[in-house]
Amino acid sequence: MQAALPEAARKHLEELMAVGTYEYRSDFARKHQAEARAEYVLKILSRREITVSEEARERILARRDPELADVWFDRAFEVTTVDELFDSPVDRP
């Protein structure tokens, strides 16, 4: 798509996406954005040497809610256990 855009439009699109102001609207894009966030959550927890059980790993990867993925992503930098990651009003059934 970017290759088909005029240079000014392409640069504008790149700027929007670079600063995080672009909001994905399609279910397809939102699902994949959430999947990527879930992978980042696991990577952050791993780098912070926080133990993630197989059950917790599956729970993180199974959720496709972008809002929840954002909550978990932000919390991954602060929690000391994976259980704290799930201790969020957004994650209640």
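A: One term before we start: contact means heavy atoms within 4.5 Å. Also, this is a predicted model.

Q: OK, with that in hand, what is Leu45 in contact with, leaving aside its neighbours within four places in sequence?
A: Leu45 is in contact with Ile50, Val52, Ile60, Ala76, Val79, Val82 and Leu85.

Q: Which residues of the largest nonpolar core touch the most other members?
A: Leu45 is one of them.

Q: Back up a bit. How many helices and strands does the protein chain have?
A: Five helices and zero strands. Along the sequence the pattern reads α-α-α-α-α.

Q: And how much of the chain is buried?
A: Of its 93 residues, 26% count as buried. The accessible surface comes to about 6,800 Å². Carbon and sulfur atoms hold 51% of that.

Q: Let's look at H4. Which of its residues are buried?
A: H4 covers residues 66-76, and Pro66, Leu68, Ala69, Trp72, Phe73 and Ala76 are buried there. They span an arc of only 155° around the axis, so they sit on the same side of H4.

Q: Why would residues three or four places apart point the same way?
A: Because an α-helix has 3.6 residues a turn.

Q: What caps the N-terminal end of H4?
A: Asp65 does. One of its side-chain oxygens lies 3.1 Å from the backbone nitrogen of Glu67.

Q: New topic. Where does Glu49 lie?
A: In the loop between helix H2 (27-47) and helix H3 (54-62). Glu49 has a positive phi of about 60°, although it is not a glycine. Most residues other than glycine have a negative phi.

Q: Is Glu49 buried or exposed?
A: Exposed, because its relative accessibility is 70% and the cut-off for exposed is over 50%.

Q: Last one. Which elements have the lowest and the highest mean pLDDT?
A: Helix H1 (residues 7-18) has the lowest, at 72. H3 has the highest, at 94. The chain averages 80, and 76% of the residues score at least 70.

Conventions: Residues numbered from 1 in each chain as written. Heavy atoms only, no water. Buried < 20%, exposed > 50% of the residue type's maximum accessible area, 1.4 Å probe, protein only. Helix = DSSP H or I, 4+ residues; strand = E, 2+ residues; numbered from the N terminus. Arc of directions from axis to C-beta. Polar contact = N/O pair within 3.5 Å; in protein donor to acceptor, adjacent residues only side chain to side chain. Areas by Shrake-Rupley, 256 points an atom, 1.4 Å probe, with all protein chains shown as cover. Core = buried A, V, L, I, M, F, W, Y, C linked by side-chain atoms within 4.5 Å. pLDDT = per-residue confidence, 0-100.
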